[in-house]
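Subject: Structure handover

Hello,

Here is the structure for your files. Please open it alongside the notes below.

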Amino acid sequence: MSSPGPYDQTYRHLFRMAPPDTVQYGESDADVLSPSRGFMAGFDYTMQLQVGCPGGCLFCYVPSGPRFAPAAVRGPNGSRWGFEVRTKRNAIAKFQHHLEAGDLADRTVYWSGVTDPYAAPPVMTRALWETLCAAPAAWRPRRIAIQTRFRPDRDADLLARYARATTPADGGPPVLVSYSLGTDREDLIRAWERATPPFRQRMAAIQRLRERELCVVATLSPFGSWHDLCGALAQLDAWGVAYITLLFFKAAGPGATTPAPFRAYLAEAYPEVLDPTWQQEHLAIVQSVFGPERVLVGRPGFASLAGAWRC
Ligand code: SF4
């Protein structure tokens, strides 16, 4: 019998049992749009095409918040997170209905915050952009912020077509990709994230989006240990990434959204990433490459995504 892989090992460490063998896929009748609340309240709506996220990141805050995902999708102590996914029935028809009703006109949409938008099937994301491209200008949102660590570049041409044909009144970008990069260490990605793309693919995705002149913000979250932080940042800057948002792991207290078992694991295995001194040193590195005015830490970084930052 082969030994467990890196993700299985971390999962066993956190939950004291083996991970589920397979991901269970089902369907949900839930709507695709919800009024924003909590830390996402700077947007008018959040959008999700799925309930649950196959990414299965062990640091993900979603399974520790009962408001963010149903109990059956989270499982006891978050142990089924990443293994229960419900795709929304008639998702594109529901989205079209909201467009036609004028619900989205000049509104801001965060896609998504509780499941990675690009973990959804390609046919769904493609249909969503085709629907937006066909919508009259007056129905279109002011801004759609895509929060992802998957491959939005598969829709790069459609995103670019939509962006070129859409001019928000506030002068900001109609589409903004907030691309999550927590580390360049493939060993950590494999140990902490069940099914997300490796770092090199994420960089390729960002490069492709920038080649289409799409607005990209690099979101260093949650900020882990890096092999070559300066090199990665210099590359992002050279590609024209607009700015950096950054979220450190917090050991405890308000704003410590990482599940407690994962924080305990970090304290044992990677205590530096919880250390405020180490964090400030790394913040200084990020600022030295992008400039302090292009590095937003914590909530201001998130709030900026809804605004009119020029790309
Ligand atoms: S991809 Fe995002 S939403 Fe999905 S599990 Fe990972 S952190 Fe959570």
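Predicted model: local features only at pLDDT ≥ 70, side-chain atom pairs only at ≥ 80, totals over all residues.

Residues are numbered from 1 along each chain as its sequence is written, and side-chain values use heavy atoms, with hydrogens and water left out.

Helices (H or I, at least four residues) are DSSP runs, numbered from the N terminus.

Start with α1, residues 6-15. Its buried residues (under 20% relative accessible area, 1.4 Å probe, protein chains only) are Y7, T10, Y11, L14 and F15. They cover an arc of only 110 degrees around the axis, so they sit on the same side of α1. The arc is taken from the directions from the helix axis to the C-beta atoms. These buried residues pack against α6 (186-192) and α9 (260-269); contact means heavy atoms within 4.5 Å. Just after α1, R16 has a positive phi of about 60 degrees.

Next, α4 (residues 122-134) and α5 (residues 156-164). They pack at an angle of about 20 degrees, with axes 10 Å apart. The two are therefore roughly parallel (angles under 35 degrees). Axes are lines fitted to C-alpha atoms over the stretch in contact, and angles run from 0 to 180 degrees between N-to-C directions. R126, W129, E130, L132 and C133 of α4 meet L158, L159, R161 and Y162 of α5.

Last, Q279 lies in α10 (residues 276-290). At 9% relative accessibility, Q279 counts as buried. Q279 touches F248, F249, V273 and L274, leaving aside residues up to four places away in sequence.

Best wishes

Conventions:
Buried < 20%, exposed > 50% of the residue type's maximum accessible area, 1.4 Å probe, protein only. Parallel < 35°, antiparallel > 145°, perpendicular 65-115°, else oblique.
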